[in-house]
Amino acid sequence: MQEILKKLQELTGKKHIQLTERGNKSIKLILDLANQLEKTTVLIPDQGGWMTYKKYPKKFNLEIKEVKTKQGLLDLKDLEKKADKNSILLTCSMPGYFAVDNTKKIKEICGNKNCLFVNDASGSIGTDAAKTGDLVFASFGKWKPINLKYGGFIATNSDEFYEKFDASYFEETMYDDLKKKFEELPKRLNEFKKTRKQILDDLQSFEIIHKDKDGINVIVKFDDKEVKQRIIDYCKENKLEYTECPRYIRVNEPALSIEVKRL
Ligand SMILES: Cc1ncc(COP(=O)(O)O)c(C=O)c1O
């Protein structure tokens, strides 16, 4: 247990760690905390988020406001307009698993506006982007960088928040497997990187969203059936899984998301 907490402290740069039974449970605990702090609004990205961002706030009587994004990356001007002391920002530091967002700037804006910055690091874990935020959380689910297929966590430096978290459960029998997943993480991230680079090289002539950012998945735009079919053929030849957009959890436009994270 101590080793696990230590590793998560390293990965998030935070002193308090609470393990949870899944990523969605982490979100619920954070929204419960938002209620205790008398916040009224949850800011979420207009795309590149997670499904429960749109569902759970209502259960906690919190209003949802969408922040504009540039293909998943937060529009900082819109964030500045909407963030205030009554709000929390719930966002992925690697939206859709395809591009790392500017967490330093996001933190600065949220800090100036007293808006709580909640960083969903399910995709960015193992990178510096997973270390910014008043609260950092992630899922260890299937197809995640830490693919234990069970559990998640929340991390914070705030003693107050840590004390206020509701109780959560984590299956002790999973500790050893989780430690193995931590050991495998650098290798797994490296494999993602190599595969992403190969795909970017192979698909140079296609329009790839945020290809200059660090990411895991590769999102390739199409505007006609022929281009779409060429991308599908490439995925089939190379045994790569893909999902189709528009989708809130990737991008809101016609594109195929090559799901490198499923390797
Ligand atoms: C970005 C992101 N956040 C949160 C979750 C929720 O995690 P869980 O499935 O462990 O509840 C997921 C995936 O499932 C996810 O991809």
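Tutor: A strand here is a DSSP run of E with at least two residues, numbered from the N terminus. Keep in mind that this is a predicted model.

Student: Okay. Which strand does Ser257 lie in?

Tutor: Ser257 lies in β12.

Student: What sheet is β12 part of, and in what order do the strands come?

Tutor: An open sheet of 3 strands, ordered β10-β12-β11. The pairing is antiparallel.

Student: Which strands are at the edges?

Tutor: β10, residues 218–221, and β11, residues 242–245. Each of them pairs on one side only.

Student: How much are neighbouring strands turned against each other?

Tutor: By 25 degrees on average, ignoring direction.

Student: How many bridges join β10 to β12?

Tutor: There are 4, and the two strands run antiparallel. β12 covers residues 255–258.

Student: Which residue in β12 stands opposite Val220?

Tutor: That's Leu256.

Student: Back to Ser257. Buried or exposed?

Tutor: Buried. Its relative accessible area is 0%, and buried means under 20%.

Student: What does Ser257 touch?

Tutor: Leaving out residues up to four places away in sequence, its contacts include Val218, Ile219, Tyr242, Thr243 and Cys245. Asn217, Glu241 and Arg250 are also among them.

Student: Which side chain makes a polar contact with that of Ser257?

Tutor: The side chain of Arg250, at 3.5 Å.

Student: New topic. Which strands does helix α8 lie across?

Tutor: Helix α8, residues 225–237, lies across β10, β11 and β12. The helix runs at about 10 degrees to β12.

Methods:
Residues numbered from 1 in each chain as written. Predicted model: local features only at pLDDT ≥ 70, side-chain atom pairs only at ≥ 80, totals over all residues. Heavy atoms only, no water. Pairing = 2+ DSSP bridges. Axes fitted to C-alpha atoms, helices over the stretch in contact; angles between N-to-C directions. Contact = heavy atoms within 4.5 Å. Buried < 20%, exposed > 50% of the residue type's maximum accessible area, 1.4 Å probe, protein only. Polar contact = N/O pair within 3.5 Å; in protein donor to acceptor, adjacent residues only side chain to side chain.
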